[in-house]
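Here's a quick briefing to read next to the model. Have the viewer open and follow along topic by topic.

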Amino acid sequence: MNKNIPFILLLIWLVPSTLIFVSCEDNEELAEQDQDPIALADTVRFGDLTPLFENRCYQCHSEPEYSFYALNLDTYENTMLGSQHGPVVVPFEPEQSLLYTKCSGEHTGGERMPQDDMNFFDDKPEKLQLIYDWIHFGCLE
Ligand code: HEC
């Protein structure tokens, strides 16, 4: 009898079972990513907000133009500094952040932003969501 037969049998068993094991592992990873929004959306960075701020906010909240309530949204540092009242964001807490509530309309004082087009975010929910996500994921630079 060929001495190698047990070894060959072992190989025949080992190869498919390793493949099954590996493919199960892949599936688990995918399933985890699907369930965990952080794994998918933690890439929202300040730079992702710049086009929106530039178009809708700079005219009233930027160093070269105007700074209502001393709030400038033209750089990450200025945005984190906030207004004359203090910070406008609480990292990870969009509902506690004026930057979000003033745009969503859930604020309590003053007018909704952008002040010159207060229904702007009603037509652009994805832009409001961007502000929400940026704060929700910790205000990454
Ligand atoms: C046409 C001018 C104008 C535009 C455009 C504008 N704002 Fe304002 N913003 C103001 C004024 C005036 C105030 C202060 C009065 C008030 O709160 O209603 C203010 C206040 C704020 C405050 C509250 C500051 C505080 O401490 O109370 C936030 C936050 C804010 N704006 C964010 C934004 C964002 C974000 C945008 C762009 C999506 C924007 N604003 C666009 C004029 C503007």
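## Overall picture

The protein chain has seven helices and zero strands, where helices (H or I, at least four residues) and strands (E, at least two) are DSSP runs numbered from the N terminus. Read along the sequence, that gives the pattern α-α-α-α-α-α-α. This is a predicted model: local features need pLDDT of at least 70, side-chain atom pairs count only at pLDDT 80 or more, and totals for chains, interfaces and linings use all residues. Residues are numbered from 1 along each chain as its sequence is written.

**Burial and contacts**

- Buried residues make up 19% of the 141 residues in the protein chain. Buried means that 20 or more other C-beta atoms lie within 10 Å of the residue's own; exposed means 12 or fewer, partly exposed is in between, and C-beta atoms are placed from the backbone.
- Take the contacts between residues at least 6 apart in sequence: 47% of them join residues at least 24 apart. A contact here means two C-beta atoms, placed from the backbone, within 7 Å.

**Around the ligand**

- The shell around the ligand holds 22 residues, and Cys57, Cys60, Phe68, Ser83 and Gly110 come nearest. To be near, a residue needs its C-beta atom, placed from the backbone, within 6 Å of the molecule or strand in question.
- Helix 5 (residues 98-104) supplies the largest share of that shell, with four residues.
- By type, the shell splits into twelve nonpolar, six polar and four charged residues. Ala, Val, Leu, Ile, Met, Phe, Trp, Tyr, Cys and Pro count as nonpolar, Asp, Glu, Lys and Arg as charged, and the others, Gly among them, as polar.

- Helix 7 (residues 125-136) has twelve residues and spans 16 Å from first C-alpha to last, close to the 16 Å expected at 1.5 Å a residue. The expected span is 1.5 Å times one less than the number of residues.
- Ile131, Trp134, Ile135 and His136 are buried in helix 7, and the buried residues of this helix pack against helix 3 (46-56) and helix 5.
- An α-helix has 3.6 residues a turn, so residues three or four places apart point the same way.
- The largest nonpolar core has 18 residues, and Leu99, Ile131, Trp134 and Ile135 have the most contacts inside it. Such a core is a set of buried Ala, Val, Leu, Ile, Met, Phe, Trp, Tyr and Cys residues joined through C-beta atoms within 7 Å.
- Helix 3, helix 5 and helix 7 are the elements that give two or more residues to this core, and helix 5 gives the most, with four.
- Leaving out residues up to four places away in sequence, Ile135 touches Val89, Pro91, Glu93, Pro94, Ser97, Leu99 and Tyr100.
- After helix 7 comes Gly138, with a positive phi near 100°.

**Backbone spots to check**

- The peptide bond from Met113 to Pro114 is cis, with omega near -5°; Pro114 sits in the loop between helix 5 and helix 6 (120-123).
- Ala70 isn't a glycine, yet its phi is positive, near 60°. You'll find Ala70 in the loop between helix 3 and helix 4 (76-81), and Ala70 counts as exposed because it has 12 C-beta neighbours inside 10 Å.
- Phe92 also has a positive phi, near 75°, and is in the loop between helix 4 and helix 5.
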